[in-house]
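I opened the model to look up its aromatic contacts. My notes follow in the order I made them.

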Amino acid sequence: MSQRIRNWPIIPSSEITPEPVWLQRRAFMKAAALSAAGAVGAGVAPSGASTSMPLTYSKTDCSGCQTDEPMTPLDDVTSYNNFYEFGTDKSDPAKYAHALTTDPWSIEVGGLVKKPGTLHLEDIMSGFDLEERIYRFRCVEAWSMVVPWIGFPLSELLARFEPTSDARFVSFKTLYRPAEMRGTRSFTSVIDWPYREGLRLDEALHPLTLMTVGLYGRTLPNQSGAPLRLIVPWKYGFKSIKSIVSIELTSRQPQTSWQSLAANEYGFYSNVNPHVDHPRWSQRYERRLPSSLFSPNRIATQMFNGYEAQVAPLYEGLDLKKFY
Ligand code: MTE
């Protein structure tokens, strides 16, 4: 992950629905949906959601689950991506991820659990109550977004498989299907596929950790990690692994893709921390998308990405400079 300024998207303002108009439209549709269906919202369908499907979800107000900060327009969220399986340029996932087949899809859950098994996508979509979480999302490369994700707590999924008392970590793997993932076939590819990530079990069970199946009211577009990805809002974005096919409970800390590549740059924890710089750049500030060379939209980065009240207790007594 390097910062490549020449790739910053300069999007004509005419292509972006003005924020106040968008927010107003959204508030109106939410109000209509809420009055029609009690606490259940109907999927809002902003332009640009192409092949994705509307979802039914509720809006919970748990601590940290919502923010009043303006949301990043859908077009930015789905055109400026990191998904190396489809290439390293920010525009590659939107260009090439349509090649990915996401139906059928299943996830193997195993390791230190009492009931190992397979979850099929249709069981996931019908078996968990979906909710919308509006989270800040901060990439280690110092750009950020605010996204209305749709999903359910990872803890609910893990509970079904009954982790044993020896389980201390959770490891995740992305699909590896070179025929559909041109980035994995590239000679310049640096990752030892499949893409792998991991969390401590208590982080995985934290109520903010979201198994995510949609954004902006609809199923995830492929470039955003369809059909199912993780969102861990207080950690750098690379922990939020996309297109997951395997979850394993372990007693030892799992090796992650970015750690294998450069452990001194990308730690296992990777909690957003403005006081611990990346070896090659500062983490004090971030560019909030939409951002351009002429209007960088630079804001101060917050400790734990603004989720300190919710997650700081997880790290009491831990030296965050050492365990970065
Ligand atoms: N997951 C997989 N499988 N492959 C990837 O390349 N990139 C990570 C993360 N998850 C990545 C991934 C990085 S570096 C970031 S910043 C986020 O996805 C980007 O998510 P977004 O494209 O939805 O903004």
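**Aromatic contacts**

I checked burial for two tyrosines to begin with: Tyr 269 and Tyr 315 are both buried. I am working from a predicted model.

Tyr 269 and Tyr 315 form an edge-to-face aromatic pair, with 6.0 Å from centre to centre and 85° between the planes. I traced where they sit: Tyr 269 is in the loop between α7 and β13, and Tyr 315 is in the segment after α8 (308-311), so the pair ties together parts that are 46 residues apart in sequence.

I asked which cluster holds them. Tyr 269 and Tyr 315 belong to one aromatic cluster with Phe 169, Phe 268, Phe 304 and Phe 323.

I looked up the total next, and the structure holds 15 aromatic pairs. I picked out Phe 238 and Tyr 266: their ring centres are 5.5 Å apart and their planes are at 80°, so I logged the pair as edge-to-face, since planes over 60 degrees apart count as such. Phe 238 lies in the loop between β11 (229-231) and β12 (244-250), while Tyr 266 lies in the loop between α7 (257-262) and β13 (285-288), so this pair ties together parts that are 28 residues apart in sequence. Phe 238 and Tyr 266 are buried.

Last, I looked for charges over rings. Arg 160 has its charged end over the ring of Phe 128, 3.9 Å from the ring centre. Arg 298 has its charged end over the ring of Tyr 285, 4.0 Å from the ring centre.

Conventions
Residues numbered from 1 in each chain as written. Predicted model: local features only at pLDDT ≥ 70, side-chain atom pairs only at ≥ 80, totals over all residues. Heavy atoms only, no water. Phe/Tyr/Trp six-rings, centres within 6.5 Å; stacked < 30°, edge-to-face > 60°. Helix = DSSP H or I, 4+ residues; strand = E, 2+ residues; numbered from the N terminus. Buried < 20%, exposed > 50% of the residue type's maximum accessible area, 1.4 Å probe, protein only. Lys NZ or Arg CZ within 6 Å of the ring centre and 35° of its normal.
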